[in-house]
Amino acid sequence: MIMGNRGNIAVQGFYGGGRVYLYTHWGGGEVRGVLQRALDSKAGRNRRTDAPYLTRIIFDVLSEGTHGNEIGHGISPNIIDNQYPVPVVDTETGTVAIEEIDGQEIIAPVPIEEFIGQDEAVTNQYVGTDQ
């Protein structure tokens, strides 16, 4: 029985440091595509250097079609249950990196435009196995 497809997107660049993690219970395998769409949207392009607004924009895309539901998505200062490497968008440097759950970098930071332009095969090449 499948118990979820958990994934996270991290946003950093807030005043005072730290990250915010956006969690999906069922869309873990799609977090890179979600982040690409959010960053490439008109709102995402306009707010790439504004961590609080960009976080909300990304969450809107992540939770699209499920707004108002009690379960399925969450927001946390810490990583939540996770099955996939985590894309980390940095609003101060304008980059996206991919990290394992333990914070080990597996894809070095690339400019946001380069990340957006990566095709699905590239953005999913480091995706973990379904559990």
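**Reading a sheet, a helix and a pocket**

Me: How does E114 count: buried, partly exposed or exposed?
Reply: E114 counts as partly exposed, because its relative accessibility is 45%. Buried is under 20% relative accessible area, exposed is over 50%, and partly exposed lies in between (1.4 Å probe, protein chains only). This is a predicted model: local features need pLDDT of at least 70, side-chain atom pairs count only at pLDDT 80 or more, and totals for chains, interfaces and linings use all residues. Residues are numbered from 1 along each chain as its sequence is written, and side-chain values use heavy atoms, with hydrogens and water left out.

Me: Which element holds E114?
Reply: Helix 4, residues 112-117, holds E114. Helices (H or I, at least four residues) and strands (E, at least two) are DSSP runs, numbered from the N terminus. The C-alpha atom of E114 is 8.9 Å from that of V96, and 18 residues separate the two along the chain.

Me: How do I read the sheet? What is its strand order?
Reply: Strands of a sheet pair through backbone hydrogen bonds, parallel or antiparallel. Two strands pair if DSSP finds at least two bridges between them. Here, six strands form an open sheet in the order 3-2-1-4-5-6, with mixed pairing. Strand 3 and strand 6 (105-111) are the edges, each pairing on one side only. On average, neighbouring strands are turned by 20 degrees against each other, direction ignored.

Me: What pairs with strand 2?
Reply: Strand 1 (residues 7-12) runs antiparallel to strand 2, with six bridges. Strand 3 (residues 73-76) is also antiparallel to strand 2, with four bridges. Follow T24 of strand 2: G7 is its partner on one strand, and H73 is its partner in strand 3. The hairpin of strand 1 and strand 2 has six residues between the strands, and G13 takes a positive phi near 125 degrees there.

Me: Why is strand 2 largely enclosed?
Reply: Five of the six residues of strand 2 (residues 19-24) are buried, so the rest of the structure largely encloses it. Helix 3 lies across strands 1, 2, 3 and 4 (86-90), and runs at about 5 degrees to strand 2. Such angles run from 0 to 180 degrees between N-to-C directions of axes fitted to C-alpha atoms, for helices over the stretch in contact; contact means heavy atoms within 4.5 Å.

Me: Which residues lie nearest the centre of the largest pocket?
Reply: A pocket is an open set of points on a 1 Å grid over the protein atoms alone, where a 1.4 Å probe fits, with protein on both sides within 12 Å along at least five of seven lines; lining residues have an atom within 4 Å of a point. Here 13 residues line the largest pocket, and T24, W26, G27, L62 and H73 lie nearest its centre. Helix 1 (31-40) and helix 3 (51-62) are the elements that give two or more residues to this lining.
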